[in-house]
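Subject: Handing over the structure

Hello,

Here is the structure I promised to pass on to you. Please open it first, and then read my notes alongside it.

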Amino acid sequence: QVQLVESGGGLVQAGGSLRLSCVSSGSSFATKTMAWYRQIPGKQRELVARITSGSNTDYADSVKGRFTISRDNAKNTVYLQMNSLAPEDTGVYYCYQRVNVRVFWGQGTAVTVSS
């Protein structure tokens, strides 16, 4: 099975930046759609950003212009660069990989933004 390992979460002040990383153990990584989701306390898990095998990207309206998703296929890694962080971004961020009809999730990495 695919294993996803996230890193890069932590505590930052409002206006700061973090870069999250997710390494996939799956095969044919370059052909797979990857994404980042987050779960903000009190809210449902939501899509933050998605990147296809062709490097097409989609972002939640709340993060457009602040977050950037990218991938390094040679490293089986997807990144989420988060700039201009605000307290409303606080939550647990999860890496996602789609393999045909199956989906795989990482365990999550916590991001806390102080005011």
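Below is what was found in it, starting with how to read the notes.

This is a predicted model, so to speak of a local feature we need pLDDT of at least 70, and side-chain atom pairs count only at pLDDT 80 or more, while totals for chains, interfaces and linings use all residues. Residues are numbered from 1 along each chain as its sequence is written, and side-chain values use heavy atoms, with hydrogens and water left out.

**The sheet**

Let's begin with the strands, which are DSSP runs of E with at least two residues, numbered from the N terminus. Four of them form an open sheet in the order β1-β3-β8-β7, with antiparallel pairing; two strands pair if DSSP finds at least two bridges between them. At the edges are β1 (4–7) and β7, each of which pairs on one side only. On average, neighbouring strands of this sheet are turned by 15° against each other, direction ignored (axes are lines fitted to C-alpha atoms, and angles run from 0 to 180 degrees between N-to-C directions). Inside the sheet, β3 and β8 pair in the antiparallel sense over six bridges.

**The disulfide**

How many disulfides does a search of the whole structure find? The search finds one, where a disulfide is a pair of cysteine sulfur atoms within 2.5 Å. It joins C22 to C95, with 2.0 Å from S to S. This pair links distant parts of the chain: C22 lies in strand β3 (residues 18–24) and C95 in strand β9 (residues 91–99), 73 residues apart. The torsion about their S-S bond is about -85°, so the disulfide is left-handed. Both C22 and C95 are buried, meaning under 20% relative accessible area, whereas exposed is over 50% and partly exposed is in between (1.4 Å probe, protein chains only).

**The salt bridges**

Side chains of opposite charge can pair when their charged atoms come close. The whole structure holds five salt bridges, each a side-chain nitrogen of Lys or Arg within 4 Å of a carboxyl oxygen of Asp or Glu. In one of them, the side chains of R38 and D89 meet at 2.9 Å, N to O. That pair links distant parts of the chain, with R38 in strand β4 (residues 33–39) and D89 in the loop between β8 and β9, 51 residues apart. Both R38 and D89 are buried.

D89 also meets R66 in a salt bridge, at 2.8 Å, N to O. Here R66 sits in the loop between β6 (57–59) and β7, 23 residues from D89, and R66 is buried too, as is D89. Through shared partners, salt bridges join R38, E46, R66 and D89 into one network.

Another salt bridge brings together the side chains of K64 and D61 (3.1 Å, N to O). D61 counts as exposed, at 65% relative accessibility.

Finally, a look at N73, found in the loop between β7 (67–72) and β8 (77–82). N73 is partly exposed, with a relative accessible area of 33%. Leaving aside residues up to four places away in sequence, N73 touches F29 and A30, where contact means heavy atoms within 4.5 Å. The C-alpha atoms of N73 and W105 are separated by 18 Å, and the two residues are 32 apart along the chain.

Enjoy exploring it!

Best wishes

Key
Helices (H or I, at least four residues) and strands (E, at least two) are DSSP runs, numbered from the N terminus.
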